[in-house]
Amino acid sequence: MWKYLPLLLLPVFLLNQPQMLYGQCNVPFPLSTGPQACQDAPLFCANADLDGYCSATGNTGVGVCPPPFCSGCQNFQWFRFVANTQVLSLTISPQNCSWNGQGLQAHMYQTEDCVNFTSVSNCESPGVPIPITITANNLIPGEEYYVMIDGYSMDICDYTIDVVQGSIADLPPPFISGNITGPANVCPGATITYTVPESFGITDYDWTLTPSIGVISNNGNSTVTITFIAPGTAQLCVTPTSCTTGPPVCMVIVSTPIPPTFHNLTFCFGDTWTCEGQTFTSPGQQIFHYNSWLGCDSTVICIATAIPPIVMPPVQAVICQGGSYNFAGQTFNQTGGYPITLTAANGCDSVVTLILLVMQANAVIQPPPVLGCEPGATIMLNGTASTTTPAASNAVLTYSWSGPGIVSGGNTLTPTINQPGTYTLTVTQSYLGVTCTGQASVTVTQNTAVPNAPTLAGPLSPCTNSVSTYTATASSSGPAPTGYTWTVTGGTFTTTGNTATVTWTTAGQGSVCVTANNACGPSTQACLTINVGVGPAVPALVGPASVCEGDVLFYVINPADPNTANYTWTVGATPRSRTWGTASK
């Protein structure tokens, strides 16, 4: 139910906010502020109340800033209105901005719950204390909308709102569109819900009960509960209120106590008798107190008289779970002793007791694990949730499994198996010539999943005669690998676990591939295409091998390798090096 504030033309002074001294200021009520400002937003009931309205921002805090909005919210204020025209323009004029002189920002919304917002206007946020205008062009007349006004960067300003185009609706007196729903006949102690249809524009539902034979809870809403505390006849009325008070809707309610109910019973002595769902063995009176469907107190009194019986020897019988046993014209299906009265002339000629045992042979198999793919893999099936307790001391309880790969334990509840397939457990229990059987089956699957392809990383453009290292990283999903298989074209390699060291011997296009392996097989290959470049050839040095001190000699590499970019020369007994970058020195 919406909550609306009546538009009383009274001056209001806002705590912690500057007082406004406008000559033509219209101040019917303060706007809603704080974390619940949207939920508590007051409703303007007439265009004249909004046009010329004035207020001020203050250090009030905010709740959640609705998206979308021009910027952040610091001290917003909210109000609501009902649209009268499709287009509505509001000019908000700030004055006396005292916090930072940055003025106001505003936006117009449609919302049903103050949580989810739809923008219906422009968002104005100039950052200076000038008049701002927000315009909505597609309002639906008769629908409700919200306006939020916020101080820019928490600015505190007086302001005036002017309706410059269009108008909001002038709301008529409230009217409840239906009758009161709820029972007219009740009883003391009853707690009853009464309701009227929620109607647009009603801010308060005032319920009265005359005379006060009940207590009203949740007054002010369209639905109330009344706890009736006394008998009598009363008139229940509800009066709607919004900006004005509407006509009441009434109904007559009669509250009457519920008289007690008596049951006179006879039963055979030693038997049981039942009243109000409870069973008794002794004669006498039993009193039951209830709440009726209305919540009123009611009383049921049962008076039982015993007739002496003739007791016969008991009859013992056994049935399987889910079956039934017919005895003396009655059907039984639960373990227990059942005294049966065989009626004679006096109505209680003899009593014979049926002792019925319901024998179970439940077969229950827990979901099996997955059989591994490694050689000799086995799993154990689990039937321990089956019937394990004999129905009697001399009852015979047996177990039997069938299936394609039973290794051991075929007559127990936990057999060992080594093949996938369907396995069936049969539970048999025998007693007093009755045999009960239960079966359950499970399907065992075998894990054949191989690892996912690994991720392969390493150099893509090595040179001949160079050595490169490549690393395979296991996939983060799927079975874990237990090893890797490498293949290389264009070079030789050695491997250690998930790494391969490759010596590139052949220029051109080569490749490095790897699979991740487990007991079920290899993954798909992960491969890298390698472009092997030609490395420099070993230089052939031409020049004298024996020299004298002071000689100036010339050495040359012949032939020069066209694939060699430069050369590094080392001269002297103590090695010294220098790069000349040519084939001669």
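In which strand does Gln105 lie? What does the side chain of Gln105 make a polar contact with?

A: This is a predicted model. Gln105 lies in strand β5, which covers residues 104-111. Gln105 has a relative accessible area of 0%, so Gln105 is buried. The side chain of Gln105 makes a polar contact with the side chain of Ser71, at 2.8 Å. The side chain of Gln105 also reaches a backbone atom: the oxygen of Gly72, at 3.1 Å.

Next come the disulfides. The count comes to 9. One of them joins Cys70 and Cys123, with the sulfur atoms 1.6 Å apart. Cys70 lies in the loop between β2 (53-56) and β3 (77-82), and Cys123 in the loop between β6 (117-119) and β7 (132-136), so this pair ties together parts that are 53 residues apart in sequence. The torsion about the S-S bond is about -110°, so the disulfide of Cys70 and Cys123 is left-handed. Cys70 is partly exposed at 30% relative accessibility. Cys123 is partly exposed too, at 25%.

Another disulfide links Cys237 and Cys250, with 2.0 Å between the sulfur atoms. Cys237 sits in strand β15 (residues 232-241) and Cys250 in strand β16 (residues 249-255), so the pair ties together parts that are 13 residues apart in sequence. Here the torsion is about 110°, so the disulfide of Cys237 and Cys250 is right-handed. Cys237 is buried, with a relative accessible area of 11%. Cys250 is partly exposed at 36%.

A disulfide also joins Cys320 to Cys436, S to S 1.9 Å. Cys320 is in strand β22 and Cys436 in strand β32 (residues 434-444), so the pair ties together parts 116 residues apart in sequence. The link of Cys320 and Cys436 is left-handed, with -95° about the S-S bond. Cys320 is partly exposed at 24%. Cys436 is buried at 3%.

Three strands form an open sheet in the order β22-β26-β25, with mixed pairing. β22 (315-320) and β25 (336-342) stand at the edges with a single partner strand each, so one side of each has no neighbour in the sheet. Neighbouring strands of this sheet are turned by 30° against each other on average, direction ignored. β22 and β26 (residues 350-359) run parallel, joined by 6 bridges. In β26, Ile355 is the bridge partner of Gln316.

Key:
Residues are numbered from 1 along each chain as its sequence is written. This is a predicted model: local features need pLDDT of at least 70, side-chain atom pairs count only at pLDDT 80 or more; totals for chains, interfaces and linings use all residues. Side-chain values use heavy atoms; hydrogens and water are left out. Two strands pair if DSSP finds at least two bridges between them. Helices (H or I, at least four residues) and strands (E, at least two) are DSSP runs, numbered from the N terminus. Axes are lines fitted to C-alpha atoms, for helices over the stretch in contact, and angles run from 0 to 180 degrees between N-to-C directions. Buried means under 20% relative accessible area, exposed over 50%, partly exposed in between (1.4 Å probe, protein chains only). A polar contact is a pair of N or O atoms within 3.5 Å; within protein, one must be able to donate a hydrogen and the other to accept it, and residues adjacent in sequence count only if both atoms are side-chain atoms. A disulfide is a pair of cysteine sulfur atoms within 2.5 Å.
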